[in-house]
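Welcome, and thanks for opening the viewer. Let's take a short walk through this structure, one selection at a time.

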2 protein chains.
Amino acid sequence: MHSYKYPHPSVTVDCVVFGLDEGVLKLLLIKRLLAPFKDKWALPGGFVLMDEDLETAALRELKEETGVDDLYLEQFQAYGKPNRDPRERVITIAYFAIVNLFKYTLKASTDAKEAEWYPVNDLPSLAFDHENIVLNALSKLQNKVLREPLVFEFIPEKFTLPQVQFVYETILQKKLDKRNFRKKLLATGLIEVLEEHETNVTHRAARFHLFNKDEWNKKSRGGLEFRI
Amino acid sequence: MHSYKYPHPSVTVDCVVFGLDEGVLKLLLIKRLLAPFKDKWALPGGFVLMDEDLETAALRELKEETGVDDLYLEQFQAYGKPNRDPRERVITIAYFAIVNLFKYTLKASTDAKEAEWYPVNDLPSLAFDHENIVLNALSKLQNKVLREPLVFEFIPEKFTLPQVQFVYETILQKKLDKRNFRKKLLATGLIEVLEEHETNVTHRAARFHLFNKDEWNKKSRGGLEFRI
DNA sequence: CCAAAAGTGTTAGAGATACACCCATGG
DNA sequence: CCATGGGTGTATCTCTAACACTTTTGG
């Protein structure tokens with residue numbers, strides 16, 4: 001198998017999985033059951049199999065950890081400092097992912113493994129160089145959300161505009177002007193207004209909307225940007 | 001060495017090296033002397049050593065291939081399709097790099113290895129999945145040049161504004177309005193105007209300018225963007 | 001009818017775009 | 001004095017930012 005004279009490190013994928021849980025931006029962490037960093041929290045992830053694409057590996061790991069197999073996933077950086085894993089040389093390809101916790105109502109922790117959703121503003125200390133990876137992923141998410149309609153990955157298919165605004169405010173960590181926000185969002189031509197309204201609210205009911213993903217796919221090829 | 005039961009693929013770095021040679025955006029390619037893809041052109045790169053950081057590996061390879069050790073270098077994507085290398089599983093971390101061909105007057109090819117600078121618009125067919133990697137790097141370069149002052153990596157320390165404009169036009173593949181371009185560039189507050197002018201031109205001599213990198217480093221942390 | 005959040009329009013300022021002429025240099 | 005490209009100023013338009021009141025709903 002290792003028929004060449006070159007070094008063969010281990011290669012893993014690690015996923016920074018974001019989700020919006022009760023209005024809080026959270027991150028999925030797994031408690032390590034084995035050394036090193038036993039009992040520390042870490043990013044979900046694992047070894048890339050020999051005949052498996054990197055993205056396939058990330059999807060497989062996420063499916064195992066969360067049961068979710070329909071999510072936004074994007075590779076964003078490889079980490080390979082020689083001693084980032086005390087056991088042996090491990091190079092990891094990091095992905096960031098968004099899980100729609102409305103679609104999959106797996107609100108908090110998952111199955112056998114000890115997994116938990118932690119608020120990004122209140123993370124425990126993490127194993128390996130995972131804190132660094134998380135910081136990079138967060139900053140990537142903040143940049144990206146301004147150029148691509150990622151926010152709709154966090155919320156139900158039918159959503160209200162205040163809901164969308166709230167997601168932007170949560171991710172960007174700042175307040176946005178309601179009127180300007182709506183104008184810009186609707187001006188993209190990607191939002192379909194429905195007749196239906198939310199119910200059971202103690203105030204004026206907001207209208208539901210849809211995001212037109214097909215239209216985005218068409219436009220984005222033409223170099224269009226989605227800016228808030 | 002391979003003391004764990006997990007798979008251990010080979011890991012390489014590959015570099016997409018851009019340079020501006022006589023006003024043409026070029027890319028450094030190496031002719032492969034060995035199978036597979038013998039005699040085909042490929043990206044410079046090679047195996048990551050066991051005790052070497054990924055970026056260090058990329059720098060080392062570039063130093064070997066070009067003699068240059070002071071260049072812009074950024075990791076941009078890992079490629080790991082199981083059969084991208086016919087010999088065995090090879091995962092590659094791709095970097096894009098910019099060589100200042102004014103600073104290092106190694107205009108075209110390099111040393112022992114058969115290396116050549118090819119215009120990006122007229123590339124030969126490439127080994128492995130390198131054509132795909134190059135396309136991704138190009139698009140990355142085009143995006144990035146709008147947000148960060150990468151262009152100055154291509155040109156001499158002292159430059160004229162028409163020279164900068166030309167680099168933008170070359171990379172973005174479109175004409176820019178001279179007056180607006182200058183206004184925006186100078187409005188960044190990052191360009192120092194010198195008294196000195198170019199010489200030996202058959203028309204009005206352009207003034208030299210400097211790019212204030214320190215100022216950029218300060219400002220960019222504050223989230224400022226450099227837009228053209 | 002009250003509380004609470006949804007929804008809406010206008011104005012001022014900043015930045016982008018479009019455009020035409022004068023200037024300095026070498027030959 | 002001519003050819004060549006360097007250099008500048010202004011008007012319009014579009015996008016952004018700031019801001020306050022009316023509407024709908026459930027209780």
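On this tour, two residues are in contact, or touch, when they have heavy atoms within 4.5 Å. This is a predicted model: local features need pLDDT of at least 70, side-chain atom pairs count only at pLDDT 80 or more, and totals for chains, interfaces and linings use all residues. Residues are numbered from 1 along each chain as its sequence is written, chains are lettered from A and ligands numbered from 1 in the order in which they are written, and side-chain values use heavy atoms, with hydrogens and water left out.

**Stop 1: Val17(B).** Select Val17(B) and show what surrounds it. Not counting residues up to four places away in sequence, Val17(B) touches Lys26(B), Leu27(B), Leu28(B), Pro44(B), Leu62(B), Ala97(B), Val99(B) and Trp117(B). Val17(B) is also one of the residues that touch the most other members of the largest nonpolar core, which has 46 residues. Such a core is a set of buried Ala, Val, Leu, Ile, Met, Phe, Trp, Tyr and Cys residues joined through side-chain atoms within 4.5 Å. Buried means under 20% relative accessible area, exposed over 50%, and partly exposed in between (1.4 Å probe, protein chains only). For a second, separate core of 44 residues, select Leu126(A), Leu138(A), Ile155(A) and Val164(A), which are among its members.

**Stop 2: Ala57(B).** Next, pick Ala57(B) in helix 1 (residues 54–66) of chain B. Helices (H or I, at least four residues) and strands (E, at least two) are DSSP runs, numbered from the N terminus. Is Ala57(B) buried or exposed? Ala57(B) is buried, because its relative accessible area is 0%. Beyond neighbours within four places in sequence, Ala57(B) is in contact with Val13(B), Val48(B) and Glu52(B).

**Stop 3: where the chains meet.** Now colour the two chains separately. The contact takes 32 residues from chain B and 32 residues from chain A. About 3000 Å² is buried between them, with 57% given by carbon and sulfur atoms; this buried area is the accessible area (1.4 Å probe) that two parts lose on being put together, summed over both. Select Pro7(B), His8(B) and Met50(B): they supply 19% of the area that chain B buries against chain A, more than any other three residues.

**Stop 4: chain A as a whole.** Finally, show chain A as a cartoon and look for five helices and nine strands. Its C-alpha trace spans about 65 × 40 × 30 Å along its principal axes. Of the 228 residues of chain A, 50% count as buried.
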